[in-house]
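Visitor: I would like a close look at one part of this protein, with some sense of the whole around it. Could you pick a helix and walk me through it?

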Amino acid sequence: MNRVAIYPGSFDPITRGHENIIQRALMLFDNVIVAVAHRRTQKKEGLFKIQERVKMIEKAFEGESRVVATEFDGLLVDYARKMEARIIIRGLRAVSDFEYEFQMALMNRHLSPEIETIFLAPAEQYSYLSASFIREIGSLGGSVREFVNPNVHEALQRKFGPLA
């Protein structure tokens, strides 16, 4: 049996923390689908277009055939069923993430009882890292090189100009 997990998010952009969660998931599952979500409720698209985010994820995991980057629209549990994923991976950086993630996991379980949610914590050095911090630091010209894959750093420089 092929154990497939799905790791959903906005990944705007993917960070070393996201990559760490994916690497941890690969120790538990045969395949990990990194699913970039379209957000109908958000008024603006985000810093990077969905297709750009998918390409950044693909480049970050080039050579790792067990990671597939995709995009999806609609209910996550519907997409997970379509992709034959029985596990949803969610990252928890801090206690502050837990309440929202727990509520989402319970709602997903209500909608689709056959799909389970698993929470993974990133390595300590990434526990405070978020894509929104990366966007803000990058927009102000700060250094984010240690927090993102080189391909993401290059994309941020294309958006914001040279970074420290």
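Guide: Gladly! Let's take helix α6, which covers residues 150-160. Please keep in mind that this is a predicted model. Which residues of α6 are buried? They are N151, V152, H153, A155 and L156. As a reminder for reading a helix, an α-helix has 3.6 residues a turn, so residues three or four places apart point the same way. In α6, N151 and A155 are both on the buried list, and so are V152 and L156.

What do these buried residues pack against? Their partners are two other helices, α2 (50-60) and α5 (131-139). Just after α6 comes G161, with a positive phi of about 90°.

Now let's step back to the whole chain. The protein has six helices and five strands, and their order along the sequence is β-α-β-α-β-α-β-α-β-α-α.

As for overall dimensions, the C-alpha trace spans about 45 × 35 × 30 Å along its principal axes.

Finally, the surface and the charges. The protein exposes about 9400 Å², and carbon and sulfur atoms supply 53% of that area. There are 22 positive and 21 negative charges, and their mean positions lie 3 Å apart.

Terms used: Residues are numbered from 1 along each chain as its sequence is written. This is a predicted model: local features need pLDDT of at least 70, side-chain atom pairs count only at pLDDT 80 or more; totals for chains, interfaces and linings use all residues. Side-chain values use heavy atoms; hydrogens and water are left out. Helices (H or I, at least four residues) and strands (E, at least two) are DSSP runs, numbered from the N terminus. Accessible areas come from the Shrake-Rupley method with a 1.4 Å probe; for residues, only the protein chains shown count as cover. Lys and Arg count as positive and Asp and Glu as negative; His and the chain ends are not counted. The place of a charge is taken as NZ of Lys, CZ of Arg, CG of Asp or CD of Glu. Buried means under 20% relative accessible area, exposed over 50%, partly exposed in between (1.4 Å probe, protein chains only). Contact means heavy atoms within 4.5 Å.
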